[in-house]
Amino acid sequence: MLLADFKAATSGMPTNRLLAVRLDDQVQPVRLLGRDGDLLVMTTDVAYQAELAEMIMQTPDSLQIVVRDDDFTLHPVYGYRIVDDAWFLDDGEMRMQKRLGWLITAILLLVFASVVIFFYHTSNVTKPAHTFAEQANTPSNHDLPTGKKKSAGTPTASDLKSKEFVANGRLTQVGQYRLTSSGVAEKLIGDNAVNATLQNHNFIYQVTRIARYKNTARSTKALQNARRVLNTPKLANGYETLVIAYRITNDSTTFGVTPGVTTIGFKGKPTMSELNGLVNDPKLSVAGIPAGGYTDATVTVFIPKGATNDIDLQFATVKDRHGNILVGPSAKLRVTF
């Protein structure tokens, strides 16, 4: 489904309607990832659900809407429906294609099995064979930690006894750690107050603090969830992230909306975006930036191994409520911490 068709179909509808997708007959909330070539990519996310307003603000209208699932597979969107005041994107045609694909595969497997049985009886020789199924079932995620799925997000007795463990609230001292509900232990290993400022026409960006975390997943599911959130399929356990706090000041007379940071670059390393390792504060695209006011937000980014303490941030386009561009992407802001 093209973005232009989606906008036409939703014209005049309440823009605060939530978005969801039906994949393989399961309804899941979705959030907007961003543009990737000629695709507008959304992803399933139980923590944050996008609103219709975020979609209709996207450009250009020629983008094809796709949804990425937990296995990083892209599903084209072919239609929609409204249920309980929410928009459900539909991959119905894709499910039909999948069923047809499974039928063809089943037929081919039957033919293959018949040939194998024929040669087996002809030669009357029994030989062990390693099948594709056996290879597919061989564990490949050797870097995944073990742990009880039900208790991964629950503090252990050791956690509760530790002076470094913080059950609620923010981490204020290096060495402290907390446990997320998904089962990732986040340990604060660096905390730097900075003051880096950049002006882009009527908008001023000020980076105020950069915190560094070492993240240890306590279960397979926890690590898989972290890979999905950070859009990094090969994320190894014990990965590190930066949480960057910043303020956007709006000196214009128009309310502004922006996703936040569009890219973060590390010297000599791949540039991070929402498609690979960067997660914007979801409240920013909802709360917006009031005219003559400011909004505080954060952005989380995966740190590649060997990265230095210098980063280049580029802030995203700011639009008004109707999707008109107030200011384009900013220049890059170099921050050393």
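In the predicted model, three strands form an open sheet in the order S12-S15-S18, and their pairing is antiparallel. Strand S12 (261-266) and strand S18 (333-336) stand at the edges of this sheet. Each of these two has a single partner strand, so one side of each is left without a neighbour in the sheet. From one strand to the next, the twist averages 25°. Strand S15, which spans residues 310-315, pairs with S18 in the antiparallel sense over 4 bridges. Among the residues paired here, Asp312 has Arg334 in S18 as its bridge partner.

Thr263 lies in strand S12. The relative accessibility of Thr263 is 17%, and this residue therefore counts as buried, the cut-off being under 20%. Leaving aside residues up to four places away in sequence, Thr263 touches Thr271, Met272, Ser273, Leu278, Asp312, Leu313 and Gln314. One of these contacts, Asp312, is the residue whose bridge partner in S18 is Arg334.

A second open sheet contains 6 strands, in the order S8-S9-S10-S11-S14-S13, and here too the pairing is antiparallel. The edge strands are S8 and strand S13 (278-280), each of which pairs on one side only. The twist in this sheet averages 30° from one strand to the next. In general, the strands of a sheet pair through backbone hydrogen bonds, in either a parallel or an antiparallel arrangement.

Leu179 has Ala185 in S9 as its bridge partner. The hairpin of S8 and S9 has 4 residues between the strands, and Gly183 in this hairpin takes a positive phi near 100°. S9 is also joined to strand S10 (residues 203-217), by 14 bridges, and the two run antiparallel. Ala185, the partner of Leu179, has Thr216 as its bridge partner in S10. S9 and S10 likewise form a hairpin, with 2 residues between them. In the turn of this hairpin, His201 has a positive phi of about 60°. Asn280 has Val299 in S14 as its bridge partner.

Helix H1 covers residues 3-10, and its residues Leu3, Phe6, Lys7 and Thr10 are buried. These four cover an arc of only 100° around the axis, which means that they lie on the same side of H1. After H1 comes Gly12, which has a positive phi near 85°.

A search of the whole structure finds 7 salt bridges. Side chains of opposite charge can pair when their charged atoms come close. One of the salt bridges is formed by Asp159 and Arg218, with the closest N and O atoms 2.7 Å apart. Asp159 lies in helix H5 (residues 157-161) and Arg218 in the loop between S10 and helix H6 (220-229), so this pair ties together parts that are 59 residues apart in sequence. Asp159 has a relative accessibility of 3% and counts as buried. Arg218, at 25% relative accessibility, counts as partly exposed.

Another salt bridge joins the side chains of Glu186 and Arg178, at 2.8 Å from N to O. Glu186 is buried, with a relative accessible area of 19%, while Arg178 counts as partly exposed at 23% relative accessibility. The side chains of Asp296 and Arg247 also meet in a salt bridge, at 2.7 Å from N to O. This pair links distant parts of the chain, with Asp296 in strand S14 and Arg247 in strand S11 (residues 240-250), 49 residues apart. Asp296 is partly exposed, with a relative accessible area of 37%, and Arg247 is partly exposed as well, with 27%.

The mean pLDDT of the protein chain is 82, and 79% of its residues reach 70 or more. Confidence is highest in S10, at 98, and lowest in helix H4 (residues 132-136), at a mean of 30. Over residues 125-142 the pLDDT is below 50, and this stretch has 6 contacts in the model beyond near neighbours in sequence.

Conventions. Residues numbered from 1 in each chain as written. Predicted model: local features only at pLDDT ≥ 70, side-chain atom pairs only at ≥ 80, totals over all residues. Heavy atoms only, no water. Pairing = 2+ DSSP bridges. Axes fitted to C-alpha atoms, helices over the stretch in contact; angles between N-to-C directions. Buried < 20%, exposed > 50% of the residue type's maximum accessible area, 1.4 Å probe, protein only. Contact = heavy atoms within 4.5 Å. Arc of directions from axis to C-beta. pLDDT = per-residue confidence, 0-100. Salt bridge = Lys/Arg side-chain N within 4 Å of Asp/Glu carboxyl O.
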